Amino acid sequence: MTPTTVWLTDEPCPVCAAGLVLLGHGEPVQIAECRACGYSDRWDFTDNHDGVMPGDQH
Ligand SMILES: [Zn+2]
């Protein structure tokens, strides 16, 4: 099994305002989870690019 990376974020839980933790598996889409109330959400980190096409250069 691949070990899951878990780290605390500065983002508050929208439900109970506790600190969310991120669960990562090396993918750009990760799960933000609240340890206090069980809330979880997907965070997509693939949206950071501005439409720059790799390989489109001379
Ligand atoms: Zn919560």
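1. Start with Phe 45. Phe 45 sits in the segment after β4 (40-44). Strands here are DSSP runs of E, at least two residues long, numbered from the N terminus; helices are runs of H or I, at least four residues. Phe 45 is exposed, because 11 other C-beta atoms lie within 10 Å. The cut-offs are these: buried takes 20 or more other C-beta atoms within 10 Å of the residue's own, exposed 12 or fewer, partly exposed anything in between, with C-beta atoms placed from the backbone.

2. Basis of the model. This is a predicted model: local features need pLDDT of at least 70, side-chain atom pairs count only at pLDDT 80 or more, and totals for chains, interfaces and linings use all residues. Numbering starts from 1 along each chain as its sequence is written.

3. Where Phe 45 reaches. Setting aside neighbours within four places in sequence, Phe 45 is in contact with Pro 28, Val 29 and Gln 30. Contact means that the two C-beta atoms, placed from the backbone, lie within 7 Å. Phe 45 and Val 29 are 16 residues apart in sequence, yet their C-alpha atoms are 5.8 Å apart in space.

4. Asp 44, next in view. Asp 44 lies in strand β4. Asp 44 is exposed, because 10 other C-beta atoms lie within 10 Å. Not counting residues up to four places away in sequence, Asp 44 touches Pro 28 and Val 29.

5. Overall make-up. The protein has 0 helices and 4 strands. Along the sequence the pattern reads β-β-β-β. Of the 58 residues, 5% are buried. Take the contacts between residues at least 6 apart in sequence: 5% of them join residues at least 24 apart.

6. The sheet. The 4 strands form an open sheet in the order β1-β2-β3-β4, with antiparallel pairing. Two strands count as paired if DSSP finds at least two bridges between them. β1 and β4 stand at the edges with a single partner strand each, so one side of each has no neighbour in the sheet. From one strand to the next, the twist averages 35 degrees. Such angles run from 0 to 180 degrees between N-to-C directions, with axes fitted as lines to C-alpha atoms (for helices, over the stretch in contact).

7. β1 with β2. Strand β1 covers residues 5-12; of its 8 residues the number buried is 0, so β1 lies largely in the open. β1 runs antiparallel to strand β2 (residues 19-24), joined by 5 bridges. Thr 5 stands opposite Gly 24 in β2. Pro 12 stands opposite Gly 19 in β2.

8. A point to check: Ala 17. Where is Ala 17 found? Ala 17 is in the loop between β1 and β2. This hairpin has 6 residues between the strands. Ala 17 has a positive phi of about 70 degrees although it is not a glycine. Most residues other than glycine have a negative phi. Ala 17 counts as exposed, because it has 11 C-beta neighbours inside 10 Å.

9. β3 with β4. Strand β3 (residues 29-34) pairs with β4 in the antiparallel sense over 5 bridges. Ala 32 stands opposite Asp 41 in β4. The hairpin of β3 and β4 has 5 residues between the strands, and in it Gly 38 takes a positive phi near 95 degrees.
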